[in-house]
Amino acid sequence: MAALVIFPLYLSGCANNPQSEAIRDAVTAIRSPGSSLRTPAEIAAYPYAQMRVQLEGFLPAIAVLAEYVEGDHLWYAGGDFWLLQSSDGRIKRLQAGTKQTLVSWEGVALQPAPPGTYTLAISLLDGSEVLASFPVECTLTASVAAAIIVNEKTIDTTRSRYDCQSDGATEPFAMTYWHDAAGRIRRTEGRLWQKGVGYTFEALKVPA
């Protein structure tokens, strides 16, 4: 398994401090190689929004909100990992190393009520080279109340599971979302396309 290696950031801005050096230092300070466990006190000690990251093929890590990008949230967990989310937590870009998965949500909203079906447009890139583009079609299979525990606190959520198909595959794969009362995705797991890497992302400290 690969580690999420830390290297200096050179960003135009960040979520809580305009100094990219401060973000670099925060990522270095709160990273926990080989473990995604953090105490509530450790999480509260840093002013940065933080996310637990488990990506298939990588060690668990903690990502920091590094920058706002036109209202979206760019998370960073070292030189191997970037995640761009909409303000409500939908994945728009997942990058590990040079491999990127871009997700277009045009016309798709998961709140205030989960839609019965939706279609995403997926593009796979290696560096700047586009490898493939295709739709992903998803159908709601369950939407129920579900309490989750984050940082030793219970959060009431709605868990919505979708069975999805892509790229001509006959077997479905799952995308699951846990929305809090404010409509933000607090936890999400699954994969973005049939052969994509599995992931679990959990907001430990949400952006302001």
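Predicted model: local features only at pLDDT ≥ 70, side-chain atom pairs only at ≥ 80, totals over all residues.
Local features are given for pLDDT of at least 70, and side-chain atom pairs count only at pLDDT 80 or more, while totals for chains, interfaces and linings use all residues. Residues are numbered from 1 along each chain as its sequence is written, and side-chain values use heavy atoms, without hydrogens and water.

Strands here are DSSP runs of E with at least two residues, numbered from the N terminus. Five of the five residues of β4 (residues 81-85) are buried, so this strand is largely enclosed by the rest of the structure; buried means under 20% relative accessible area, with a 1.4 Å probe and protein chains only. In a regular strand, side chains alternate between the two faces of the sheet. In β4, Phe81, Leu83 and Gln85 point one way, Trp82 and Leu84 point the other way, and all are buried.

Two strands pair if DSSP finds at least two bridges between them. Strand β3 (residues 72-76) pairs with β4 in the antiparallel sense over four bridges, and leucine 83 in β4 is the bridge partner of tryptophan 75. Strand β5 (residues 91-96) also pairs with β4 in the antiparallel sense, over five bridges. β4 and β5 form a hairpin with five residues between them, and glycine 89 in the turn has a positive phi of about 105 degrees.

The aromatic rings come next. Rings of Phe, Tyr and Trp (its six-membered ring) pair if their centres lie within 6.5 Å; planes under 30 degrees apart count as stacked, over 60 as edge-to-face and the rest as tilted. The whole structure holds seven aromatic pairs. In one of them, tryptophan 105 and tyrosine 118 are tilted, at 5.7 Å centre to centre and 40 degrees between the planes. Both tryptophan 105 and tyrosine 118 are buried. Tyrosine 162 and tyrosine 177 have ring centres 6.1 Å apart and planes at 70 degrees, so this pair is edge-to-face. Ring pairs link Trp105, Tyr118, Tyr162 and Tyr177 into a cluster.

Tyr118 also belongs to the largest nonpolar core, which has 35 residues. Such a core is a set of buried Ala, Val, Leu, Ile, Met, Phe, Trp, Tyr and Cys residues joined through side-chain atoms within 4.5 Å. Phe81, Tyr118, Val136, Met175 and Phe201 have the most contacts inside this core. A second, separate core of eight residues includes Ile43, Val150, Ile155 and Trp178.

Definitions and conventions. Buried < 20%, exposed > 50% of the residue type's maximum accessible area, 1.4 Å probe, protein only.
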